[in-house]
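Biologist: Could you walk me through this chain, starting with how its strands pair up?
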Amino acid sequence: MSLLKSENWALLRKLAVFAVVMFGFGYAMVPLYNAFCKLTGVRNLLKPDVVAENTQVDQTRTVTIEFDSNVRQLPWQFKPQATQLKVHPGALTQVNYDITNEQARRMTGQAVPSYGPKHAAEYFKKIDCFCFEKKTLMAGETRSMPVVFVIDPKLPKDIHTITLSYTFFEVEGNG
């Protein structure tokens, strides 16, 4: 029995040393983590006023975005609040379009976008757009609708202007 008792004491000592080492390691993790972050710049704990910036924005380049609007067989006023903007590829941008139903009844329409030049469409990334769904306006109602987009920095260098044109069509859904 004595051999079994001494093996148990040896195992207990090993487990106690292991527990102390693990506690010390856990306690040392905070300063080690701070030192690692400071060294690598992963997270700057010493300067909380540092604001992250979008490094995907191409500050060396500007693209002019022209905005156009049309209505087809729909008695609505529809126009962009700005006819053009200069943007840096990669920058998140928002523009608004104003729309008014001039009819004395509720109407539903949907906007269909088009782009010029045509191959620029693959570089025009919309994040939010009124064109994603039908819009119902009450008689005389006016609404401001946003388009949030990013121009892909991979846009060919020879494209300096993109035209975004929306045409609103009446669709089913009137009440």
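Biologist: Which residue in β9 does valine 112 stand opposite?
Modeller: Valine 112 stands opposite threonine 167 in β9; strands here are DSSP runs of E with at least two residues, numbered from the N terminus. This is a predicted model, where local features need pLDDT of at least 70, side-chain atom pairs count only at pLDDT 80 or more, and totals for chains, interfaces and linings use all residues. Residues are numbered from 1 along each chain as its sequence is written, and side-chain values use heavy atoms, with hydrogens and water left out.
Biologist: And how many bridges join β5 to β9?
Modeller: Eight bridges join β5 to β9 (residues 161-170), and the two run antiparallel; strands count as paired if DSSP finds at least two bridges between them.
Biologist: What about β5 and β7, how many bridges there?
Modeller: Strand β5 (residues 107-116) is joined by three bridges to β7 (residues 135-137), again antiparallel, and methionine 107 stands opposite leucine 137 in β7.
Biologist: Switching topic, where does aspartate 152 lie?
Modeller: Aspartate 152 lies in the loop between β8 (142-151) and β9.
Biologist: Is aspartate 152 buried or exposed, and why?
Modeller: Aspartate 152 counts as buried because its relative accessibility is 17%, where buried means under 20% relative accessible area, exposed over 50%, and partly exposed in between, with a 1.4 Å probe and protein chains only.
Biologist: Which residues does aspartate 152 touch?
Modeller: Leaving aside residues up to four places away in sequence, aspartate 152 touches Pro89, Tyr123 and Lys125, a contact being heavy atoms within 4.5 Å. Tyrosine 123 is 29 residues away from aspartate 152 in sequence, yet their C-alpha atoms are 4.9 Å apart.

Technical notes
Helices (H or I, at least four residues) and strands (E, at least two) are DSSP runs, numbered from the N terminus.
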